[in-house]
Amino acid sequence: MKRSGLEPPETAERRRRSGASVLHAPVVPAVRSPLLAAAARRQPEAARDSAQVDDDQAFVVPIAELDTP
């Protein structure tokens with residue numbers, strides 16, 4: 001039975017050398033997952049409580065204000 005998950009790097013490299021193409025599929029999070037919801041609450045709080053919050057904000061604000069189409 002084939003196991004699920006990623007191949008070891010050496011297996012992927014061996015397939016490339018034999019001419020097989022490598023499929024790169026994006027991983028989409030389960031947006032209704034309680035773990036994702038918890039992380040979505042925890043991460044902004046961690047950023048807010050960070051010792052370098054002012055530096056982080058000074059970095060992010062100019063990027064957010066870029067005029068992009």
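Helices (H or I, at least four residues) and strands (E, at least two) are DSSP runs, numbered from the N terminus. By this definition the chain contains 3 helices and 0 strands, and its elements follow the order α-α-α from the N terminus on. The model is predicted, so that local features need pLDDT of at least 70 and side-chain atom pairs count only at pLDDT 80 or more, whereas totals for chains, interfaces and linings use all residues. Residues are numbered from 1 along each chain as its sequence is written, and side-chain values use heavy atoms, with hydrogens and water left out.

The predictor's confidence in each residue is given by pLDDT, from 0 to 100. The chain averages 83 on this scale, and 88% of the residues score at least 70. Confidence is lowest in H1, with a mean of 81, and highest in helix H2 (residues 34-48), at 91.

The 15 residues of H2 should span 21 Å, and the end C-alpha atoms are 22 Å apart, which agrees. At the N-terminal end, H2 is capped by Ser33, a side-chain oxygen of which lies 3.1 Å from the backbone nitrogen of Leu35.

Exposure was classed by relative accessible area: buried means under 20%, exposed over 50%, and partly exposed in between (1.4 Å probe, protein chains only). Of the 69 residues of the chain, 7% count as buried. Accessible areas come from the Shrake-Rupley method with a 1.4 Å probe; for residues, only the protein chains shown count as cover. The chain exposes about 6800 Å², of which carbon and sulfur atoms supply 59%.

The structure holds 2 salt bridges, each being a side-chain nitrogen of Lys or Arg within 4 Å of a carboxyl oxygen of Asp or Glu. One joins Glu13 to Arg16, with the closest N and O atoms 3.1 Å apart. These two residues are separated by about one helical turn, because they lie 3 residues apart in helix H1 (residues 9-17). Glu13 is partly exposed, at a relative accessible area of 35%, and Arg16 is likewise partly exposed, at 40%. A salt bridge also links the side chains of Arg48 and Asp49, at 3.0 Å from N to O; both Arg48 and Asp49 are exposed.

A nonpolar patch on the surface is formed by Phe59, Val60, Ile63 and Leu66, with about 420 Å² of accessible area together. Patches are made of residues with over 30% relative accessible area and no salt bridge, like charges being joined within 9 Å and nonpolar side chains (Val, Leu, Ile, Met, Phe, Trp, Tyr) within 5 Å. Val60 belongs to helix H3 (residues 53-64) and is partly exposed, with a relative accessible area of 44%.

Definitions and conventions:
Expected span 1.5 Å × (residues − 1). Polar contact = N/O pair within 3.5 Å; in protein donor to acceptor, adjacent residues only side chain to side chain.
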